[in-house]
Amino acid sequence: MKMTSIAQKGKIPYGRIPIGYKRTAGNRIVVDPDGAAVVRDIFDSYVSGTATNDELFQRYHDRIKSKNTFYKILRNRLYIGEVEYDGKIFKGEHEAIIDHVVFDQVQNMLPGHKYKAPRPGAQKYKYLLAGLVKCSCGRQMTNISVLKKGRRYAYYKCTEPSCKNAINAEKLDTAILEKIKSIAQDTDFLLQLSKECEQEQKDKKVSLLPEMRQIEQQLASAHASEVNIANMFKSGLVTRENMVYWNAELSAVVQQQTELRERQSQIQRNIDYQENDLSKQILQTASGWAQLLDNLSDEEESYSIKRNLILAIVQNVVCTAKGSFDLNLVMSKSIEWYPGEESNLRRRV
């Protein structure tokens, strides 16, 4: 009854949160942008037939450990803003990741449903931006294909029925890659960007210092409490009657210090990271993008490399009317992801 009551409030009554979300204080879940991009790609690729189940599982095998989990993702109503518990469905308080239309299409195509889409003959175009394209109206855009005069064309189309916005997928994918190359080769722009990033880092460092000082004060206070309790044990003030109480107090103080030190280490790592010189890193990273794209052929394997690059640096692409778009990049993610020797951009031999 308690679990059902939690679900009725739109909260998650179970412990494990699926990929695409993360839990915050107060049992609330919010969208995890990196995981959400993976979930959208899985749904869009499945519904459009651009990848087989094995290909999708292989693409994300580092995050999805079994095919059973893969199918659970495709059936999970959490992604459309609902909470399912004990056979009942409730409206969730969290943000949806997948549009209802796309979710329903996938349910009709899943094994065990009496309707099965003819996936073997489906669109073969591989959408580079699957799960990352948004419409100017605010809705997600999904992958579709249209057959015209015997030829099949790929599009990103708005999932809002009243919105007719669509953009040619091949043209958009090509334009995004060219835009990334042009950014990578614009030294003046990158230097200006690095200055802005360094200023953001300095501001963030300043914002972290008050919390660090507060933790140091709390640690000093907790240590003093631990010493006082220890002295009580030594002096004989702790008796059989109150021993359980003081043992609990001592354990609580020790646990508090452990948690404070963990938070202190986390903040210190952030402060140390803020002190890094970004100019060289950004220029080196962007140079890596350009070299990578220039050296790629049109072979099948180039898709996964391009896709990984896009997932590493593209936050989203917002499509406006008449095929125009705004590209939003996340430089901080790409710095750590490339050009390290163990980067998943590097070819394996």
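Mentor: We will go from the whole chain to a core, then a sheet, then a single residue. Keep in mind that this is a predicted model.

Trainee: How many helices and strands are in the chain?

Mentor: The chain has eleven helices and ten strands.

Trainee: And what share of the residues count as buried?

Mentor: Of the 349 residues, 40% count as buried. The accessible surface is about 20200 Å², and carbon and sulfur atoms make up 51% of that.

Trainee: Which residues have the most contacts inside the largest nonpolar core?

Mentor: Those are Y156 and L172, in a core of 38 residues. Elements that give two or more residues to this core are β5 (133-135), β7 (151-158), α6 (169-184), α9 (278-295), α10 (301-313) and β9 (314-319).

Trainee: Which of them gives the most?

Mentor: That is α6, with seven residues.

Trainee: What does L172 touch, leaving out residues up to four places away in sequence?

Mentor: L172 touches L129, V133, Y156, I167, V317, C319 and F325.

Trainee: Let's switch to sheets. In what order do the strands of the three-stranded open sheet come?

Mentor: The order is β5-β9-β10, with mixed pairing. At the edges are β5 and β10 (325-329), and each has a single partner strand, so one side of each has no neighbour in the sheet. Ignoring direction, neighbouring strands are turned by 20° against each other on average.

Trainee: How do β9 and β10 run, parallel or antiparallel?

Mentor: They run antiparallel and are joined by five bridges. C319 stands opposite F325 in β10.

Trainee: Which strands does α6 lie across?

Mentor: α6 lies across β5, β9 and β10, and it runs at about 50° to β10.

Trainee: New topic. Where is Q140?

Mentor: Q140 is in the loop between β5 and β6 (141-148).

Trainee: Why does Q140 count as buried?

Mentor: Its relative accessibility is 14%, and buried means under 20%.

Trainee: What does the side chain of Q140 make a polar contact with?

Mentor: One partner is the side chain of R40, at 3.4 Å. A polar atom of the Q140 side chain also lies 3.1 Å from the backbone oxygen of G131.

Trainee: Which residues is Q140 in contact with, leaving aside neighbours within four places in sequence?

Mentor: Q140 is in contact with R40, G131, L132, V133, K134, K157, C158 and T159.

How values were computed: Residues numbered from 1 in each chain as written. Predicted model: local features only at pLDDT ≥ 70, side-chain atom pairs only at ≥ 80, totals over all residues. Heavy atoms only, no water. Helix = DSSP H or I, 4+ residues; strand = E, 2+ residues; numbered from the N terminus. Buried < 20%, exposed > 50% of the residue type's maximum accessible area, 1.4 Å probe, protein only. Areas by Shrake-Rupley, 256 points an atom, 1.4 Å probe, with all protein chains shown as cover. Core = buried A, V, L, I, M, F, W, Y, C linked by side-chain atoms within 4.5 Å. Contact = heavy atoms within 4.5 Å. Pairing = 2+ DSSP bridges. Axes fitted to C-alpha atoms, helices over the stretch in contact; angles between N-to-C directions. Polar contact = N/O pair within 3.5 Å; in protein donor to acceptor, adjacent residues only side chain to side chain.
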